Amino acid sequence: MSESTQPHQQANNLWSSRMAFILAAAGSAVGLGNIWKFPYITGENGGGAFVLVYLACIFLIGVPVLVAETMIGRKGGQSPVATMRTLTKTEGTAKGWRAIGWNGVIASFLVLSFYAVIGGWALVYIGKAAAGLFTGADAEAIGGQFGGLLANPWELLLWHSVFMVIVVFIVGRGIRSGLEKAVNMLMPLLFLLLVAMVIYAMNSGSFGRAVSFMFSPDFSKLTTTGVLTALGHAAFTLSIGIGVLMAYGSYLPKTVNIARTAMTIAVVDTSVALLAGLAIFPLVFANGLEPGAGPGLIFVTLPLAFGQMSGGALFGTIFFALLLVAAITSAISMLEPVVEWLEEHKGVSRAKSALGGGLAIWFIGIGTVLSFNVWDSVHPLGFIPFFEEKTVFDLLDFLVSNMMMPLGGLAIALFAGWAMKREGLPAEIGLEGIAYKAFMFVLRYVTPAGIAVVFLYNLI
């Protein structure tokens, strides 16, 4: 076996500490889903009761798969593809399980192709807020700014390109010089910006109403759709099922307790989502706006709020800088499985792997850029019922979010829970006795059932 295909045993190929891995994995989990999606789906589903169900789902669905995927990655010590090829041999399982590795690499590749486009929106909005373009603007003007951005393919392509350059530069520098240095700087910055936004929101006059909205459960507002939405978001907010945690786990020293570390990551990820809600909802309520504004909450509703408030230009800039930081920490993790695979299987240097993988992802992302303007009436699978109105972006999002991610998470839970040998597994995970038995029960029965429900619901 050549050096390029051996497990990551060299010191410079490992995270320098448990905290470095926590920051990296938490950075992967903390992304647009926390700052953008969680607040608006909470608003759409009535607040407190939805939050309570979401928290329960995080620890019953998300954490077990997070533990399992990280454990698989460390045990294999290679890219997701090579790890699954190795483990199917050492664990004596069917070769079909190797599809988990390929699913992860392809899913992370496709996710980043459209994620980078939305990350570019955050770059644009930092400039808009700093230039005071929201100040005094009415709803029509704010909506016009967002609509104008989406209608301009060249502007979208420019910022999509800038975002990808940032991601490729960080990942190309390696584990310690690139990924680790980036998260050591970006994650504290993210929390600093988030706390600043919460303090600003506390002075809006509607902070108490926001706290009540988020933490006083009213189950009469919770529908079956709301429960399934909470289940789905909890299952996938931790970046499970797309090879990221398997790739990051391959760089994790054997001395790190995976179970304890996974709980810390889940707490950090959930805290960011809740703090984002506490930063956003007071501003929404203070300006008489609608908390259930949907995806437009961040790019239309909030700019309108910033435009009407004292200090809105400054704190609008801070907020979109926060959104950008969250997007970058997730994006670098999505490129890592692709780069790791290219390094191992193509014998290409890390810098060239990052550049080649990044260029391919950038090119696929052009389809998403054009989906909002030139190709907005192009429906590649329009001849199939249900897909007749889906653009290139819609298809990519549906394929990854509704198919590849849930199937990847389900397969990981089943592989770790049923197919792998039990010998040495408690020590590998970092649990023993009753705690290990309880964890395995949840992983083998509760987690797969929850993911299967989400998968079937998304399809139906």
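What volume does the largest pocket have? About 1,300 Å³. This is a predicted model, where local features need pLDDT of at least 70, side-chain atom pairs count only at pLDDT 80 or more, and totals for chains, interfaces and linings use all residues. Residues are numbered from 1 along each chain as its sequence is written, and side-chain values use heavy atoms, with hydrogens and water left out.

Terms for the pocket. We work on a 1 Å grid over the protein atoms alone; a pocket is an open set of points with protein on both sides within 12 Å along at least five of seven lines, and a lining residue has an atom within 4 Å of a point. Points join across faces, edges and corners, and the volume is the space filled by probe spheres set on them. The probe is 1.4 Å.

Now the lining. Of the 41 residues that line the largest pocket, Lys37, Tyr40, His233, Asp397 and Ser401 are the closest to its centre. The lining splits into 24 nonpolar, 14 polar and three charged residues. Here Asp, Glu, Lys and Arg count as charged; Ala, Val, Leu, Ile, Met, Phe, Trp, Tyr, Cys and Pro as nonpolar; the others, Gly among them, as polar.

Which helix gives the largest share of that lining? H16, with eight residues. Helices that each supply at least two lining residues include H1 (18-29), H2 (32-44), H10 (224-236) and H16 (392-419). Helices are DSSP runs of H or I, at least four residues, numbered from the N terminus.

Next, H3. Helix H3 covers residues 48-76, 29 residues in total. From first C-alpha to last, H3 reaches 41 Å, close to the 42 Å expected at 1.5 Å a residue. That expected span is 1.5 Å times one less than the number of residues. Still, H3 has a kink of about 40 degrees, centred on Ile58. The bend at a residue is the angle between axes fitted to the seven residues ending there and the seven starting there. Is H3 largely enclosed or open? 23 of its 29 residues are buried, so H3 is largely enclosed by the rest of the structure. Buried means under 20% relative accessible area, exposed over 50%, partly exposed in between, with a 1.4 Å probe and protein chains only. Just after H3, Gly77 takes a positive phi of about 65 degrees.

Another backbone point. Ser239 is not a glycine, yet has a positive phi of about 65 degrees. Ser239 sits in the loop between H10 and H11 (244-249). Ser239 is buried, at 8% relative accessible area.

Last, charges. Side chains of opposite charge can pair when their charged atoms come close. Our rule for a salt bridge: a side-chain nitrogen of Lys or Arg within 4 Å of a carboxyl oxygen of Asp or Glu. How many salt bridges does that rule give? Four.

Arg74 meets Glu428 at 3.1 Å, N to O. Arg74 is in H3 and Glu428 in H17 (residues 425-429), 354 residues apart. Arg74 is buried at 5%, and Glu428 is buried at 11%.

Lys254 also bridges to Glu428, at 3.6 Å, N to O. Those two are 174 residues apart. Lys254 is exposed, at 55%.

One more pair: Glu336 and Arg350, at 2.4 Å between the closest N and O atoms. Glu336 is in H14 and Arg350 in H15 (residues 350-371), 14 residues apart. Both are buried.
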